[in-house]
Amino acid sequence: LIALLGIAAALFLGYKLVKKELDYRKGQEALEDVYRVMDSAVYETEEYSGLDAAEEKERQNRLRLAQYEALNRQNPDMQGWIRIEGTKVDYPVMYTPDEPEFYINRNFDKEKSSYGMIFIDGDCRVDQSTPNILIYGHHMKNGDMFAEIEKYNSREFQEAHPYVKFDTLAETGTYQVIAAFKQPASRLDEDFKTMLLAKDEEQYEKLMNYLKIHRFYDTGAEAVWPDRLITLTTCEYTQKDGRFFVVAKRVESRLSFFLMGKPVAHKPLF
């Protein structure tokens with residue numbers, strides 16, 4: 001009987017491992033499909049060898065926004081893109097305010113997936129009118145999705161990756177990391193959520209003071225009202241039901257509007 005129970009347990013464990021591997025592979029394939037849509041969205045035949053650095057940056061922004069437009073046509077829930085250079089973080093960002101966690105276990109095509117998608121909190125708005133946009137993602141054991149943001153517990157990692165790129169359909173944005181911290185979910189009550197959203201100057205200042213106390217280290221960068229913020233959030237496994245947070249402030253934003261099917265770049269806001 002013991003031998004049979006051992007065999008059954010081994011078979012069940014093997015089944016779970018195979019199922020997880022297939023689920024991970026399906027999640028990776030779904031993301032590869034997204035990248036293929038982006039790659040095929042823009043075709044250019046014009047030569048751009050004479051552009052200076054600023055003009056080339058504008059061209060890259062224009063092409064990237066055209067790619068976002070193509071993805072948005074495929075799935076209107078896609079409302080942005082987040083990336084951290086030198087890491088795996090390079091994903092579309094979904095937004096479904098009427099059902100905020102819709103993509104917690106669904107892929108870009110809305111099929112069931114343990115990978116889920118990166119998504120924005122339902123109490124936030126993607127038009128940048130929200131002082132702090134909260135962005136969630138799974139901490140996948142293979143390092144995908146938001147797993148790598150936990151590396152911001154290291155000052156060395158932050159110094160090597162000081163900026164987060166967060167774009168919407170209308171603008172590209174660069175954000176500088178100002179703090180990283182962790183907390184157990186049991187401490188994340190409604191008062192904490194209100195502070196984190198920072199919808200008025202009082203809550204904003206409360207958040208800044210909280211970061212000074214709870215951050216792993218001083219990044220040398222500070223935010224003051226009304227600097228726009230983003231906060232990346234994922235699970236954290238050094239404590240029971242932990243959460244990991246990375247807060248960054250906007251340091252550059254470039255608007256674009258699609259006219260006659262082409263995006264037209266405007267000057268940086270600052």
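**Figure 1. Lys 110 is partly exposed, with a relative accessible area of 43%.** On this scale, buried means under 20% relative accessible area, exposed means over 50%, and partly exposed lies in between (1.4 Å probe, protein chains only). The view comes from a predicted model, in which local features need pLDDT of at least 70 and side-chain atom pairs count only at pLDDT 80 or more, while totals for chains, interfaces and linings use all residues. Residues are numbered from 1 along each chain as its sequence is written, and side-chain values use heavy atoms, with hydrogens and water left out. Look at the backbone here: phi of Lys 110 is near 70°, a positive value in a residue other than glycine. Most residues other than glycine have a negative phi, and most peptide bonds are trans. Lys 110 sits in the loop that runs between β2 (90-94) and β3 (118-120). Helices (H or I, at least four residues) and strands (E, at least two) are DSSP runs, numbered from the N terminus.

Figure 2. You will find Asp 241 in the loop between β7 and β8 (242-259). With a relative accessible area of 46%, Asp 241 is partly exposed. Pro 226 belongs to the loop between α5 and β7 (229-236).

**Figure 3. Ile 82, in strand β1 (residues 78-83), is buried, with a relative accessible area of 0%.** Contact means heavy atoms within 4.5 Å. Leaving aside neighbours within four places in sequence, Ile 82 touches Val 89, Asp 90, Tyr 91, Val 93, Ile 118, Ile 135, Phe 146, Val 164, Lys 165, Phe 166 and Leu 232. One of these partners, Lys 165, is 83 residues away along the chain, yet its C-alpha atom is separated from that of Ile 82 by 5.6 Å. Buried residues make up 47% of the 270 residues in the chain.

**Figure 4. Helix α4 (residues 190-197) packs against helix α5 (residues 201-214) at an angle of about 105°, with the axes 7 Å apart.** That makes α4 roughly perpendicular to α5. From α4, the contact uses Phe 192, Thr 194, Met 195 and Leu 196, and from α5 it uses Gln 203, Lys 206, Leu 207 and Tyr 210. By class, the residues of this contact are five nonpolar, two polar and one charged. Ala, Val, Leu, Ile, Met, Phe, Trp, Tyr, Cys and Pro count as nonpolar, Asp, Glu, Lys and Arg as charged, and the others, Gly among them, as polar. Axes are lines fitted to C-alpha atoms, for helices over the stretch in contact, with angles from 0 to 180 degrees between N-to-C directions. Angles under 35 degrees count as roughly parallel, over 145 as roughly antiparallel, 65 to 115 as roughly perpendicular and the rest as oblique.

**Figure 5. The largest pocket holds about 530 Å³ of space.** Its lining has 21 residues, and Glu 101, Asp 121, Tyr 136, Thr 233 and Arg 243 lie nearest its centre. At least two lining residues come from each of β4 (132-136), α4, β7 and β8. The lining of the largest pocket divides into eleven nonpolar, five polar and five charged residues. A pocket is an open set of points on a 1 Å grid over the protein atoms alone, with protein on both sides within 12 Å along at least five of seven lines; a cavity is a set where a 1.4 Å probe fits but cannot get out; lining residues have an atom within 4 Å of a point. Points are joined across faces, edges and corners, and a volume is the space filled by probe spheres set on them.

**Figure 6. The second largest pocket holds about 240 Å³ of space.** Here 15 residues form the lining, with Gln 60, Asn 61, Arg 64, Arg 83 and Lys 165 nearest the centre. α2 (53-74) gives the largest share, six residues. The lining of this second largest pocket counts one nonpolar, six polar and eight charged residues.

**Figure 7. The whole structure has one cavity of 30 Å³ or more.** The largest cavity holds about 40 Å³. Its lining consists of Ile 178, Ala 179, Met 208, Leu 211, Lys 212, Arg 215, Ala 221, Glu 222 and Ala 223. The largest share of this lining, three residues, comes from α5. Six of the cavity's lining residues are nonpolar, none polar and three charged.
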